[in-house]
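Me: I would like to learn how to read this model one feature at a time. Where should I begin?

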Amino acid sequence: KEGFRGVGKTFDATRPAVAAMALGVARAALEFTKEKIEESGVTFDYEKNGNNISGYAKDFYMMEANLEAMRLLIWRAACMQDTGERNSLEAAMCKAKAGRTGTLITQKCCDLLGPLGYSQDYLAEKWMRDVKITDIFEGTGQIMHRNIAREILGVKIM
């Protein structure tokens, strides 16, 4: 029983770091994608009405918003860990969000880049493969969602 709790505390400490890996890879993919899209002549106007933006821009803005949500969840979980607060819920939330969202962002970046996204001349296709592991190790997304539900509902594991 105590051994399992110790493992849980270790995961609470390491899951934000795994989430940060997903964040870094997704951010790199997003920045590269933006650069390549802008080189093709597409501009991103953050002041423009949401009803008057291109499909590229809409997808890109959603990915940026999700990236920011990932970052904030990671910071919260890491800050709680640093200050000695219990962060089981926050660690599971940031890991679940980052693993899934990082994968979706990198996949969408490869789609938006067209043939460049799948070319081995650039890192986009590698990032798409690499980020997938962050959704699997340290607990899959499904396990994280179970942990989140248990924390919110107050269900004790042991």
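Reply: Begin with exposure: a residue is buried under 20% relative accessible area, exposed over 50%, and partly exposed in between, using a 1.4 Å probe and protein chains only. The model is predicted, so local features need pLDDT of at least 70 and side-chain atom pairs count only at pLDDT 80 or more, while totals for chains, interfaces and linings use all residues. Residues are numbered from 1 along each chain as its sequence is written, and side-chain values use heavy atoms, with hydrogens and water left out.

Me: Is Glu-64 exposed, partly exposed or buried?

Reply: Glu-64 counts as partly exposed because its relative accessibility is 26%. Glu-64 belongs to helix 2; a helix here is a DSSP run of H or I with at least four residues, a strand is a run of E with at least two, and both are numbered from the N terminus.

Me: Which residues does Glu-64 touch, not counting residues up to four places away in sequence?

Reply: Contact means heavy atoms within 4.5 Å. With residues up to four places away in sequence left out, Glu-64 touches Leu-30, Lys-34 and Tyr-46.

Me: What are the relative accessible areas of Glu-68 and Asp-111?

Reply: Glu-68, in helix 2, is partly exposed because its relative accessible area is 34%. Asp-111, in helix 3, has a relative accessible area of 46% and so is partly exposed. For Asp-111 and Ile-133, 22 residues apart along the chain, the C-alpha separation is 20 Å.

Me: How many helices and strands are in the chain?

Reply: The chain has five helices and zero strands, and from the N terminus on the order is α-α-α-α-α. Its C-alpha atoms fill a box of roughly 60 × 35 × 25 Å along the principal axes. Of the 158 residues, 36% count as buried. Among contacts with a separation of 6 or more, 72% come from residues 24 or more positions apart.

Me: How many residues are in the largest nonpolar core, and which touch the most other members?

Reply: A nonpolar core is a set of buried Ala, Val, Leu, Ile, Met, Phe, Trp, Tyr and Cys residues joined through side-chain atoms within 4.5 Å. The largest one has 28 residues, and Leu-30, Met-63, Leu-67, Met-70 and Ile-105 touch the most other members. At least two residues each come from helix 1 (2-39), helix 2 (55-82), helix 3 and helix 4 (124-132). Helix 1 gives the most, nine residues. As for Ile-105, its contacts beyond four places in sequence are Ala-26, Leu-30, Met-63, Asn-66, Leu-67 and Met-70.

Me: How do I read a pair of packed helices?

Reply: Two packed helices are described by the angle between their axes and the distance between the axes. The axes are lines fitted to C-alpha atoms, for helices over the stretch in contact, and angles run from 0 to 180 degrees between N-to-C directions. Helix 2 and helix 3 cross at roughly 155 degrees, with axes that come within 9 Å. Helix 2 is therefore roughly antiparallel to helix 3; angles over 145 degrees count as roughly antiparallel, under 35 as roughly parallel, 65 to 115 as roughly perpendicular and the rest as oblique.

Me: In which hand does helix 2 pass helix 3?

Reply: The crossing is left-handed: the near helix is turned anticlockwise from the far one by less than a right angle, whereas clockwise would be right-handed. Residues making this contact include Met-63, Asn-66, Leu-67 and Met-70 of helix 2 and Thr-101, Gly-102 and Ile-105 of helix 3. They divide into 16 nonpolar, three polar and five charged, where Ala, Val, Leu, Ile, Met, Phe, Trp, Tyr, Cys and Pro are nonpolar, Asp, Glu, Lys and Arg charged, and the others, Gly among them, polar.

Me: At what angle do helix 3 and helix 4 cross?

Reply: They cross at roughly 160 degrees, and their axes come within 9 Å. Helix 3 and helix 4 are therefore roughly antiparallel, and their crossing is left-handed. The contact includes Gly-102 and Thr-106 of helix 3 and Trp-127 and Met-128 of helix 4. By class, it has six nonpolar, four polar and two charged residues.
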